[in-house]
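Please find below a short note for a colleague who is opening this structure for the first time. The points are numbered so that each can be checked in turn.

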Amino acid sequence: MVRRNSRARIGIGLLGWRLLVLCLLSCSMPGTAQDPPSARQVLDRYCVTCHNQRLKTGGLELDAADLSKIPQRQELWEKIATKLRSGTMPPPGSPRPDRATYNATASWLEAKLDEVPPFAGRPVLHRLNRAEYANAIRDLLDLRVDVNALLPPDDSAFGFDNISEMLGVSPALQERYLSAALKVAALAVGDPAQAATSQTWRVRQDLSQDQHVEGLPLGTVGGISVLYNFPLDGRYRFQAKLYRTNLNIMRGLQTAHQVEFSIDGHRVQLVSIGGPKDLAALFSAPTETGDAVDARLQTEVAVPAGPHTIGLAFLQNSQFAEPTRLQPFERSSVDNFDWAGHPHLQTLTVTGPFHQTGPGDTPSRKRIFSCRPASSASEEACARQIVTSLLKHAYREQPSSADIARTMSFYFPARKTGDFDRGIQAALERILASPKFLFRSEREPAGLGPGAIYAVSDTELASRLSFFLWSSIPDDRLLLLAAQGKLHDRVTFDAEVRRMLADPRADALVANFAGQWLQLRNLQNFQPNTDLFPDFDDNLRQSFRHETELFFQSVIQEDRSVLDLMTADYTFVNERLAKHYGIPGVYGSQFRRVTVKDEARRGLLGQGSILALTSHAERTSPVVRGKWILENLLGLQVPPPPANVPPLKEKQDGEKPRTMREQMAEHRTNAVCAACHKTLDPIGFAMENFNAVGSWRALDAGQPIDASGELGDGTKVKGVVELRQALLSRPENFVRTFTEKLLIYALGRGLDTRDMSQVRSIVRNAAQDNYRFSSLILGVAQSTPFRMSTASQVQQE
Amino acid sequence: MMFAIRKSIARRTVLRGLGSTIALPLLDAMFPSLTPIAKAAARPRKRFGAVYFPNGAIMQQFTPKSFGADFEFTPILKPFEPYKNNLLVVTNLTRSHPGSQVGDHAVSAAGFLTGVWPKRTEAEDVFANTTIDQVVAKQIGQETPLPSLELATEDFSGYVGGCSPGFSCAYMNTISWSTPKTPLPMETNPRAVFERLFGEPGTSEQRRLRLEKQRSILDSLADDAKDLERQLGPRDRGRLADYLDNLREIERRIQQVESRNVAETATPDAPIGTPDNFDDHVGLMFDLAAAAFQADATRVFTFMMSRELSQRTYPQIGVTEQHHSVSHHLNNPQKMAQMVKINTYYATLYAKFLEKLRSTPDGDGSILDHSLLVYGAGMGDSNGHASDPLPVVLIGGGTGRGARHVQLPVRTPVGNLWRNVAEAFGASVDQFGDSTGKTDVLA
């Protein structure tokens, strides 16, 4: 790493942090870059009272600072610029220059800082992470693999798991990549020696199975729909198992039900379960009866090789009536001892192939076998053609003759002992195991001075682009433009970025960028207390995530302003979610776009996903919500709580329940805590009308919600609508944070002070296009760190 | 092809001295003929394990009141009473502590087996210490296909915002480090563990072919790496050098497997995936560790039963509030009782594993007789994130005779114990993390 030791991230002290927040929330300072002759005077008059050589407040000696050498002390001045841009300094109560002078000084300083030589940085050898590997296999071989089963999890830093520093190697990791290469090659080519294996899908216990599941045939309820790659043409066994209560009694047998197995939507088997006979047996021998019913829930079918959707669901039963309950819940599986109600699928297992009849005609075989040898004489030429094409895509550049020879040396012996396909399979194994496939490497040209900045090659640029926008390898067009040396041309480059954004592969930005920036991936671990939230089920959890993903996707596809993420008057819901939000007239499991009439529900702050993942299992957490907003929307690092903080007092027996606000007030009587919580809590309080699962509520602990608060600077807000307005009173702060996150994700590294001028410039340019999504993506893609690289310092580490 | 046994162990020397080249594991029948010296060298410390539980413990219900040999088992330790023939409770250990409390959960996980306070960073420059399991693995792990096995139950890939502020998630995702800069990823998928231990399921011929294939690929990958190396900067070359070292390590492993008769190795049934039930998942991971010991696929393992800050609930034992929330019990008796339930529950799950090892014959005794197993945490009382005293209990023949409760001087660095453990396995370590000396609990 270049100049690692000098690297300092932008940090703001505890006190400054609080002040900074005040202004980020509400100060408004449009600036024009005028050269104030009096920068020195401004500093002398308003800053050096505290920041002088004698007092050294905050370690700053501004009386001694040389204003003609700002670029030389970038780290220091970037910090000061941050304070000014956010209006943090001078602290409230101290004299300030008039707004015009203040803004002019800030702009002048930023302009000076932007004069520093551009900085590029340098990613270290980057191992493909899980998402990149899965997408690369998809694009290389037209094959979707279950990457979580193939590869171990990746470590993350700076909020993302594509940080090159963290993508290191270990024997265990490399072993997994090696065994993945063999498995993937066998599956892609259709190795007839693939033994019968089984794969099991589990349905989460908290999935309600009394309603239709998206992707399954209409007229069914519950069950599961999965896409599975059948390795070969052959026969496969399907086995379902149903849930049983904690006393091992199978659920849902008191009424007759029919269970449907389907493949690609076509019924392959219908099994009857339940009814008087099963019910009678259930009481005399619960375990045996359950086992006997499970034994009926199997079938064996011939399936052609390739990807097919397997479905298992219960036919809707018009005679079925939910047993009378005092309080029916949305979640059908809330009671672990309840054997009445609907049957629930627990697992679905596919085992096979048996009696395999060949590799079939799969999409991946079509992709791989671009030629078929007409005779044994033409075999080698055809193999060479296949290998060359695979190498080009896998290695993301034109393969060398050594690459081809090395790979062919795996083809020949395998062809000798097996057939042509086995030869290709052996070559593919070798390609997928290669460090040239598994690492994103960039050449460092010889003869550069240490720290010199240079443009990366077009080939490398193609990879940077495709991994940024698609989390995958470049396609033919990108590789061609790179090979022709045309990619770096600005017009071509911009057109390519737009083409790639419009491509379905850009959904990777939703899954990997938004999923991590907004922490949507954490939702799967959110498990609210069942006693308090008996309606919460996996259907709602999945809907939360799906809503925000569709919402983010719409901003990309319609090229909207990223500010719409906060303010849009539309969202996406299905029946379950609409019911949760109180939106009438939405039926069915399918998601559709609706207009959001309730202002409180607009944008991310009104979405169940964000509201739930910032809550505890039993209650909301104004602190976590406040922190989430500051860190993810305003780009502020919230310092960890100091040592020995007394936690909130629990309610004692017989005591009157207290509202969250009452409990927190107690917390804030401690001066040490109050320093931060005074700023954190009001943000969370304003959102208190949303409970821990994102439902609207008017009461907390029996008392009306008080969603009013005073943000640190005295701005009074009441409720989430006013909070959102306050947060967006300076939209640049939100956009800057979005840009910083996007840049981290695009570069695969953390940012430091030397990157700040780039961030400023991207935001400034995007402002002219109303912060459209494409303007920020283009800004990042055109930035110096994205297109350039910094040469290593000589011999270090 | 590179193939190196870096360390040799005493037993091998003994066997060679006897003119024997018998492959492991030893046949029961061999033992009577061995000399007493051979016996002494071959046991009781043949295997090492370290099992970690998160979010601290209620120490009053963990630490026995009396010391020495005849202490009374506390509620949390009660599940271990059947193993009191070889059991050692060590009190007053502390993990390294910077003076202020930051990132305690990360530091607990990363500080326990390392004996250091890990470097505060969220990024690339993670730095802790080589852990005791890896020190032991370097000593006794080279003759088995896997020098060590790292297990966990929670897959936190892609989980962000859930780690301690200021500390990389890497610190909480593992308790095992092969070098101060290299956290070892822990495997959570039982199926993947199975395949690492025993290879993919299949006939012996299929498995032999697969090994051969892997070996020929590995042999040729170095050429690709050399192509890359020529074009890379120094930092990239460093990572590539690690990559090449690792290739050799994998080759060594494959050679180990090939050198046994693959067809003869009995393997348990391959698990289908990751159970969603905690009991089953933990049980399966322990079963795999036991199977690994039994098949001599590895002699060292670490297992993080659950992750620090875990928000799991345990309705099966009547704890519906999350583990981490309960751990901040505010000295509320009801909450503390819940926490004791959780601590005892973990001990019960671990005791099932001990039982399995005790009932598996190994040479002249059981696998448990020939093991030294650490069970503990990097956090004491969880309410205030105490860094001492830590809950630590050692079980297995490697601890010596009988049940003992040893009281060390207050705030004895945990590194002192690891030095003792290292020496018990024949490794000489002058300093272990922040150690100030060496305990003598393992004489």
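1. A definition comes first: two strands are said to pair if DSSP finds at least two bridges between them, and helices (H or I, at least four residues) and strands (E, at least two) are DSSP runs numbered from the N terminus. This is a predicted model, in which local features need pLDDT of at least 70 and side-chain atom pairs count only at pLDDT 80 or more, while totals for chains, interfaces and linings use all residues. Residues are numbered from 1 along each chain as its sequence is written, and chains are lettered from A and ligands numbered from 1 in the order in which they are written.

2. In chain B, 7 strands form an open sheet with mixed pairing, and their order is β3-β6-β1-β9-β10-β2-β11. At the edges stand β3 and β11 of chain B, each of which pairs on one side only. From one strand to the next the twist averages 15°, where axes are lines fitted to C-alpha atoms and angles run from 0 to 180 degrees between N-to-C directions.

3. Within this sheet, β6(B) runs parallel to strand β1 (residues 47-52) of chain B, to which 5 bridges join it, and Y52(B) has M304(B) as its bridge partner. Strand β3 (residues 149-152) of chain B is likewise parallel to β6(B), with 4 bridges between them, and here E150(B) stands opposite T302(B). An antiparallel pairing is found between β2(B) and strand β10 (residues 392-395) of chain B, over 3 bridges, with L87(B) and I395(B) as bridge partners.

4. Why is strand β6 (residues 300-304) of chain B described as largely enclosed by the rest of the structure? The reason is that 5 of its 5 residues are buried, a residue being buried if 20 or more other C-beta atoms lie within 10 Å of its own, exposed if 12 or fewer, and partly exposed in between, with C-beta atoms placed from the backbone. In a regular strand the side chains alternate between the two faces of the sheet. In β6(B), V300(B), T302(B) and M304(B) point one way and F301(B) and F303(B) the other way, and all are buried.

5. Helix α12 (residues 414-424) of chain B is also largely enclosed by the rest of the structure, because 9 of its 11 residues are buried; among them are L417(B), W418(B) and R419(B). The buried residues of α12(B) pack against β2 (86-94), α3 (104-112), α4 (132-140), β9 (371-376) and β11 (402-413) of chain B. After α12(B) comes G426(B), whose phi is positive, near 85°.

6. Chain A has 30 helices and 18 strands, and 48% of its 797 residues are buried. Of the contacts in chain A with a separation of 6 or more, 73% are between residues 24 or more positions apart, two residues being in contact if their C-beta atoms, placed from the backbone, lie within 7 Å.

7. One residue of chain A to look at is I310(A), which lies in strand β8 (residues 306-315) of that chain and is buried, with 23 other C-beta atoms within 10 Å. Leaving aside neighbours within four places in sequence, I310(A) is in contact with V226(A), Y228(A), I263(A) and V350(A).
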